[in-house]
Amino acid sequence: MAVEVAPATRRLGRLERPALTGVLVREVVNFSSYWRSSTFSSTVEPTIYLLAFGFGFGSLVSRIGGRPYVEFVGTGTVATAVLFSSAFPAMFGTFVKYQFQRTYDAILAAPVDTEELVTAEALWIATRAGVYGCVPMLVAIAFGLDPSWGMLVVPLIAWISGFGWACFGIMIAGFAKSFENFNYVVSAVLTPLFLVAGTFFPISNLPGWAQFLANFNPLHHCVQLVRDAAFGFQGWEDLARIGALLLFGVIIWRIAIYAMTRKLID
Amino acid sequence: MSNDRLNHPNGPTEPELAIRLRGAVKRYGTITAVDGLDLDVPVGTCVGLLGPNGAGKSTTMRLLTAQSIADEGEIEVLGFRLPEESKMARAQCGVTPQLDNLDTTLTVEQNLLVFAHLYRIGRGERREAIERALVMAKLVDRRDSRVDKLSGGMRRRLLIARALVHRPRLVLLDEPTVGLDPQVRQELWALIDALRSEGTTILMSTHYIEEAQRLADTVMIMSHGKAVAAGPPSALVIEHAGHEVVEVYGPPTRLAEVEAEAGAAGLRTRRTGTSVSILGVDGRNGSPIEGERRPANLEDVFVLLTGEEIA
């Protein structure tokens, strides 16, 4: 009997579009049931920071680098909004989905691999962060920040940044043994990064070593990029910052996949 | 032209066995959950994995979707070798987990829609696939209800229908009726039976004897990660427990006596809570001890073979 020719592919590929779409559809459909609370927390919190610092602090420090303090904070808190709408939902959402709802068990029984699952979840959270991230800037515009063409790039900056932080949250959830573990990450990692990102005060006032360390803080690059988008790009420096954000995203993306594979496949 | 294609002259789309396990071993630290398991599920049959909690049934199920990776042994599902080709196999499998993992804040229809996407049903067929699943689950008029508003039985029907939305060739049901009322359980049996009569291959794990006896063409009894017996339920019963059983009730001291007497007569016994069952009494006009005669069942076989009571 003639031997049949083996089909071209015995194995479905990696990072397939239908698999990513499937996971994204689940998120989008779910979003329709909780978008109000999610939009509320992701936009109101950074706005409160903006108003509290912008006007509270702004009465002491009226100008930074020749600009009204509210504009300085208004652009800076874009990064805060990105962080709040990516790292935190990724961390808690991922944990809830594998530990309590067991959603990931159902998804991985379908033709979806962990790599695709993590990637699709991160893409979705990044997209939300890209949108929510713009809110503080819009609020700042309402309070007198002049719109500029460069600001059109801000959703993209927020998206790239958000992808990295989404992966960060998924990674932490993948390594975490319990919900309580998140406290360490929030206190020891996220809070310091958030405070020394140049959001509320310029990094240039800090000692040299702190300025050097700030280069390793992805939030700082996000803050600077948004400011430069609003007030004028800095050429190579900004490209380097974009590169740093992309590098951060890619590295953490791979580690998140590793962590979640360990968690979900035994 | 790989070797496995020569072994399957009909190609990977038409294997004779929907599932083939050879010497599958899965260890978690010092615990061996699946211990050298061989399992054949011929295409178009319903095979029941019967065993108490902790026998390795759920781990076996997870091995079949490559959510657990075997430490040793060979696993093939629908002709695809696991874990490497698992994704191809999963595309044609439907899985109902033991624990309900529906999206509770979504409607019935939204849950099916999500899985129609996850199982890659084309845009043109999606609507029809969802309708078919709604009919199968008898949830057509509850399509817009949120899952957290459904009864336990409805949720389980939806959980099964969700696994059938893409017309899988193989369905894995992990404890499909666990924790449900007897009535609801019977509804689900009807659903599974309908699926079976359509020719879908089913592997079902259960710790309900009656469920295995009613639905499975072949039952495999598992204990401590191993298969202790396999065959059609009725054949297993006759082979291991005979046609009839005499059940003797009495105080514990009496039961001990009965066990001793039966043992002396060369008969096997098992404790059934408040009674002793004397097995294999058929062919004799009377057992050495008087008691209630009843047909032997799978539970007798199970306890006999494993020494374990089943829940």
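The following legends describe close-up views of a predicted model. Local features are reported at pLDDT of at least 70 and side-chain atom pairs at pLDDT 80 or more, whereas totals for chains, interfaces and linings use all residues. Residues are numbered from 1 along each chain as its sequence is written, and chains are lettered from A and ligands numbered from 1 in the order in which they are written.

**View 1. An open, mixed sheet of six strands in chain B**. The strand order is S6-S7-S8-S3-S9-S10; strands (E, at least two residues) and helices (H or I, at least four residues) are DSSP runs numbered from the N terminus. Strands S6 (93-96) and S10 (226-231) of chain B form the edges, each pairing on one side only; two strands pair if DSSP finds at least two bridges between them. On average, and with direction ignored, neighbouring strands are turned by 15° against each other. Axes are lines fitted to C-alpha atoms, for helices over the stretch in contact, and angles run from 0 to 180 degrees between N-to-C directions.

**View 2. The parallel pair S3 and S9 of chain B, with helix H7(B)**. Four bridges join S3 (residues 46-50) to S9 (residues 218-223), and Gly48(B) stands opposite Val219(B) in S9(B). H7(B) packs on the sheet and touches S3, S7 (170-174) and S8 (201-206) of chain B. The direction of H7(B) makes about 150° with that of S8(B).

**View 3. Ile192(B) in helix H7 (residues 182-197) of chain B**. Ile192(B) counts as buried because it has 24 C-beta neighbours inside 10 Å; a residue is buried with 20 or more other C-beta atoms within 10 Å of its own, exposed with 12 or fewer, and partly exposed in between, C-beta atoms being placed from the backbone. Neighbours within four places in sequence aside, Ile192(B) is in contact with Leu173(B), Pro176(B), Ile202(B) and Leu215(B); contact requires C-beta atoms, placed from the backbone, within 7 Å. The C-alpha atoms of Ile192(B) and Met204(B) are separated by 9.7 Å.

**View 4. The enclosed helix H6 (residues 152-162) of chain B**. Eight of the eleven residues of H6(B) are buried, so this helix is largely enclosed by the rest of the structure. Among the buried residues are Arg155(B), Leu158(B) and Ile160(B). Their cover includes S6, H4 (108-118), H5 (123-136) and H7 of chain B.

**View 5. The right-handed crossing of H1(A) and H4(A)**. H1 (residues 17-56) and H4 (residues 114-132) of chain A pack at an angle of about 35°, with their axes 10 Å apart. A crossing is right-handed if the near helix is turned clockwise from the far one by less than a right angle, and left-handed if anticlockwise.

Methods: Two residues are in contact if their C-beta atoms, placed from the backbone, lie within 7 Å.
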